[in-house]
Amino acid sequence: MTTQIETFEFQVEARQLLQLMIHSIYSNKDVFLRELISNASDALDKLRLEALRDTDLDVDTSDLHIRLDVDKERRTLTVRDNGIGMSHDDVVQLIGTIANSGTAKFLQELKEMKDAAPSHDLIGQFGVGFYSTFMVADEVTLLTRRAGENEGTRWVSSGAGTYTIEQVDDAPQGTAVTLRLKPEDTEDHLFDYTSPAKLREIVKRYSDFITWPVKMAVEPTGDDSDGTPGVDTVNSMKALWARSRDEVTDDEYHEFYKHISHDWNDPLETVRMQAEGTFEYQALLFVPSQAPHDLFTRERRRGVQLYVKRVFIMDDCEALMPEYLRFVKGVVDAQDLSLNVSREALQQDRQIQLMRRRLTKKMLSTVKDMMSGDAERYDTFWKAFGPVLKEGLLSDSENRDAILGVSSFASTADQEKPTTLRQYVDRMKDGQEHIYYMTGESRSIIESSPHMEAFRAKGLEVLVLTDPVDEVWVGHVPDFDGRQLRSIAKGEVDLATGDEKEKDGTEREQQRQDFAALLAWMTEQLGENVKEVRLSSRLTVSPACMVADTHDVTPALANMYRAMGQEVPHFKRILELNPAHPLVMGLRKAHDKGEDLSGLTETAELVHGMALLAEGGELSDPSRFIKLLADRLERTV
């Protein structure tokens with residue numbers, strides 16, 4: 001007995017992804033089986049864990065397995081498991097829609113590609129999982145029943161934009177995915193997936209390490225056979241992290257990484273750890289070759305799985321890896337934890353905290369080894385994950401020096417090649433006391449900023465910091481190797497050295513006396529917008545610039561906090577004038593004469609507005625600025 005069949009339309013993104021799979025020219029179509037076996041393995045892990053946690057759950061976990069069944073006449077392949085299964089709502093949510101914002105971005109990038117054929121790298125950024133079945137099947141049927149429930153669900157689709165769902169009474173616990181296979185076409189890399197030999201080859205290549213048995217029927221052979229097919233376990237079920245390094249090939253590590261990450265690309269780095277003694281654990285960790293699109297989204301997931309004595313405990317174990325290493329994928333298998341450990345208990349567990357410290361140090365030392373031994377791989381890593389790693393400068397004081405040591409930054413010393421802080425210090429000029437930097441939205445904005453003028457004139461190197469996190473971490477790192485980090489857009493700047501100090505000091509004092517009246521008057525006139533008007537020692541070309549006090553929040557950082565819903569007090573900044581600029585000298589002469597002070601006030605407003613625009617800032621009253629500027633231009637025509 002079945003209930004009424006319901007027909008639904010796929011979500012737009014899901015429909016687009018289905019069409020991509022159906023018409024895919026991706027050559028390695030064999031991976032559909034890896035994806036299905038991976039999903040089945042996850043379902044078995046979840047059932048065993050649920051059975052441990054819920055003693056009232058009436059399920060048999062004595063023979064958990066994955067089975068491959070073929071029907072050559074009907075040309076069907078079925079991948080079934082007796083795992084946790086799915087409810088009706090699970091099927092609608094997980095199969096009919098795509099909640100992952102990264103997939104939508106992937107489709108947008110696909111549209112923007114010049115040629116219509118998706119590249120392996122682009123597809124590989126997204127775990128399309130179940131949808132990959134449409135590369136090899138004309139129709140897909142999913143039959144599932146969640147453990148502990150009485151009714152099952154059947155889902156059927158040809159990938160044409162709709163799917164049907166019906167409730168069924170006789171579904172076995174777990175999930176079975178049946179593919180009505182497309183005709184064999186070896187030129188299109190579409191093989192005969194009803195061939196036991198082909199299926200064995202795929203399982204051995206991609207899923208040999210799965211901890212659950214993958215079973216297949218074996219045709220009877222020999223005269224003594226009673227004609228009944230036997231059942232054979234295809235995979236070895238040996239956990240890669242439990243095997244010695246010389247027993248495992250790089251290809252096997254790479255396939256394991258793809259299994260746990262659902263990435264289609266090889267990892268950039270593979271990291272093994274084994275701790276023995278009072279607390280034993282093994283770890284097999286991977287650094288991806290490119291950043292996932294959800295790296296900075298709120299729904300992001302960390303990628304380290306926790307096992308206890310090869311029993312899966314939880315996915316996305318946040319307690320094992322700090323937030324700034326959330327891109328690391330892999331497995332940690334502990335020998336002495338409870339199987340019923342909760343996420344809350346993990347946060348307080350002393351052994352977990354010790355593992356976290358060691359894993360963190362190991363990952364940072366791996367990055368350091370890349371930096372010193374393979375510059376190309378390090379550059380790939382830093383471009384993908386540098387902005388994330390720098391978050392650790394805020395949150396991990398214990399490893400702050402190590403993070404600084406493996407960080408690199410754009411610099412005015414080289415347009416292309418970034419620099420480390422150690423390299424910066426080694427290049428510092430005689431008499432230079434500080435490490436100078438400037439934050440901003442882009443390199444071009446920073447390099448064209450008036451704040452750079454004096455530093456450029458003296459040949460002083462400035463770090464160019466354009467990642468949003470740079471606005472924050474520079475306030476938490478006071479120095480490196482005893483050298484203070486100084487923003488060239490904050491506080492007062494004194495670049496004079498040796499004999500220059502006495503000469504510049506005398507000249508500066510005379511200028512202060514000459515401009516005192518103008519500075520006091522402008523401070524009063526612009527008092528609503530600026531804290532102070534003073535002379536600048538950082539300008540050589542521009543008439544004026546805006547600077548913050550040494551410990552004030554920058555406008556960009558204030559905007560970041562407001563975007564996160566935090567209240568930030570308004571900080572007035574300082575307007576600095578270039579005493580050698582003709583406009584500023586003209587202002588002083590006009591003020592000394594005391595004529596047309598109303599017109600001079602408008603000029604002061606224009607100078608302030610130009611200083612804001614020069615740094616990429618926003619005017620408080622753009623229409624007034626435009627009117628004042630138009631009036632001035634009109635008088636010159």
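Predicted model: local features only at pLDDT ≥ 70, side-chain atom pairs only at ≥ 80, totals over all residues.

Me: What is the phi of R75?

Reply: Most residues other than glycine have a negative phi. R75 is not a glycine, yet its phi is positive, at about 55°.

Me: Which loop holds H189, and what is the phi of this residue?

Reply: H189 is found in the loop between β7 (174-181) and α6 (196-206). At 35% relative accessibility, H189 counts as partly exposed. H189 is a residue other than glycine with a positive phi, near 60°.

Me: How many helices and strands does the secondary structure of the chain have, and how many residues are in the chain?

Reply: The secondary structure comes to 21 helices and 23 strands. Of the residues in the chain, 48% count as buried, and the total number is 637.

Me: What share of the contacts with a separation of 6 or more joins residues 24 or more positions apart?

Reply: A contact here means heavy atoms within 4.5 Å. Among contacts with a separation of 6 or more, the part from residues 24 or more positions apart is 72%.

Me: Is L526 buried or exposed?

Reply: L526 lies in the loop between α17 (499-525) and β21 (530-535). Buried means under 20% relative accessible area. L526 has a relative accessible area of 4%, and therefore it is buried.

Me: Which residues does L526 touch, not counting residues up to four places away in sequence, and how far apart in space are L526 and E605?

Reply: Not counting residues up to four places away in sequence, L526 touches L575, A604, E605 and H608. L526 and E605 are 79 residues apart in sequence, while their C-alpha to C-alpha separation in space is 7.3 Å.

Me: What is the N to O distance in the salt bridge of R357 and E398, and how many residues apart are the two?

Reply: Side chains of opposite charge can pair when their charged atoms come close. The side chains of R357 and E398 meet in a salt bridge, with an N to O distance of 2.8 Å. This pair links distant parts of the chain, with R357 in helix α9 (residues 350-373) and E398 in the loop between α11 (392-395) and α12 (400-405), and the two are 41 residues apart.

Me: Which residue forms a salt bridge with D374?

Reply: At 28% relative accessibility, D374 counts as partly exposed. The closest N and O atoms of its salt bridge are 3.7 Å apart, and the partner is R377.

Me: Which residues are joined with K258 and D266 into one network of salt bridges?

Reply: K258 counts as buried at 10% relative accessibility, whereas D266 is partly exposed at 37%. Their side chains meet in a salt bridge of 3.1 Å, N to O. Through salt bridges that share partners, K258 and D266 are joined into one network with R34, E35 and E255.

Me: Which residues gather in a patch of negative charge on the surface?

Reply: One member is E149, in the loop between β4 (137-145) and β5 (152-157). E149 is partly exposed, with a relative accessible area of 33%, and a patch residue needs over 30%. The residues of this patch are D89, E149, E151, D169 and D170.

Methods:
Residues numbered from 1 in each chain as written. Heavy atoms only, no water. Patch = residues over 30% accessible without salt bridge, like charges linked within 9 Å, V, L, I, M, F, W, Y side chains within 5 Å. Areas by Shrake-Rupley, 256 points an atom, 1.4 Å probe, with all protein chains shown as cover. Salt bridge = Lys/Arg side-chain N within 4 Å of Asp/Glu carboxyl O. Lys, Arg positive; Asp, Glu negative; His and termini not counted. Charge placed at Lys NZ, Arg CZ, Asp CG, Glu CD. Helix = DSSP H or I, 4+ residues; strand = E, 2+ residues; numbered from the N terminus. Buried < 20%, exposed > 50% of the residue type's maximum accessible area, 1.4 Å probe, protein only.
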